Amino acid sequence: MSDMIEFSVPIEVDEIPTKGLRRKISADEEARAALAARFDLLALESLDAAFELKPLAGGPMIRVEGRVTADVTQSCVVSGAPIRSNLDQVVSVFFAPPGMIEENQEFTLADADPPEPIEAGVIDLGELAAQQLILALDPYPRADGAQLDAVIDTLPDGRKSGVQAGPADSSADNPFAKLAALKDKSAPGEDESR
């Protein structure tokens with residue numbers, strides 16, 4: 001996590017009423033630009049969230065539920081072309097004081113996610129929205145019709161890279177073919193010396 005929180009909307013846990021608290025938040029242009037840089041996005045056109053925070057049975061744990069929506073532009077992993085998408089992420093997260101979270105507790109995939117720590121008595125809804133944004137992003141965005149074979153031999157400035165698309169063993173310069181040829185040449189000599 002970054003040392004600087006680009007989008008911060010702190011909520012004091014002590015100020016959350018037992019009946020719950022609702023908050024709608026939106027990242028401004030400066031926060032969106034900083035988050036786009038943090039998550040390596042071409043652009044983050046919007047980031048909005050609606051949350052409901054509610055104490056569990058009057059105890060120290062807080063349940064946060066809601067929805068995060070965003071309009072993002074990512075770079076295609078094949079061609080680098082911009083890809084726009086609309087994200088809609090449902091949120092359900094528990095927060096607890098650090099003392100309630102066992103540091104060395106082991107979890108399996110079947111277990112529910114462990115609670116997030118409440119730090120300095122605060123839940124930061126802006127950072128929660130940012131974390132949900134990264135979970136909703138496509139880790140390998142690919143433009144429709146983008147094929148590796150079409151771009152592998154072309155550099156971004158249009159020059160030819162010299163790399164040929166296709167099976168590696170079809171090239172005469174294949175290093176494994178050269179090793180096999182060397183092995184074949186050395187095999188008879190080894191037999192004669194024995």
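Okay, let's start with a word on burial: buried means under 20% relative accessible area, exposed over 50%, and partly exposed in between, with a 1.4 Å probe and protein chains only. On that scale, 28% of the 194 residues of this protein count as buried.

Two housekeeping sentences. This is a predicted model, so local features need pLDDT of at least 70 and side-chain atom pairs count only at pLDDT 80 or more, while totals for chains, interfaces and linings use all residues. Residues are numbered from 1 along each chain as its sequence is written, and side-chain values use heavy atoms, with hydrogens and water left out.

Now the layout. We've got four helices and seven strands, taken as DSSP runs (helices H or I, at least four residues; strands E, at least two) numbered from the N terminus. The order is β-β-α-β-β-β-β-β-α-α-α. Among contacts with a separation of 6 or more, 60% are between residues 24 or more positions apart; contact here is heavy atoms within 4.5 Å.

On to the core. A nonpolar core is a set of buried Ala, Val, Leu, Ile, Met, Phe, Trp, Tyr and Cys residues joined through side-chain atoms within 4.5 Å. The largest one has 35 residues, and Phe51 and Leu125 touch the most other members. At least two residues each come from β2 (21-26), α1 (29-38), β3 (43-55), β4 (62-75), β5 and α2. So who does Leu125 meet, beyond its neighbours within four places in sequence? Val9, Ile11, Arg23, Ile25, Phe51, Leu53 and Val64.

Last stop, pockets. A pocket is an open set of points on a 1 Å grid over the protein atoms alone, where a 1.4 Å probe fits, with protein on both sides within 12 Å along at least five of seven lines; lining residues have an atom within 4 Å of a point. Volume is the space filled by probe spheres set on the points, which are joined across faces, edges and corners.

The largest pocket comes to about 310 Å³. It has 13 lining residues, and the closest to its centre are Pro117, Glu119, Asp124, Glu127 and Gln131. β6 (116-117), β7 (122-124) and α2 (125-136) each give two or more residues to that lining.

The second largest pocket holds about 220 Å³. Its lining includes Ser92, Phe94, Asp113, Gln131 and Leu135. Which element supplies the largest share of that lining? α2, with four residues.
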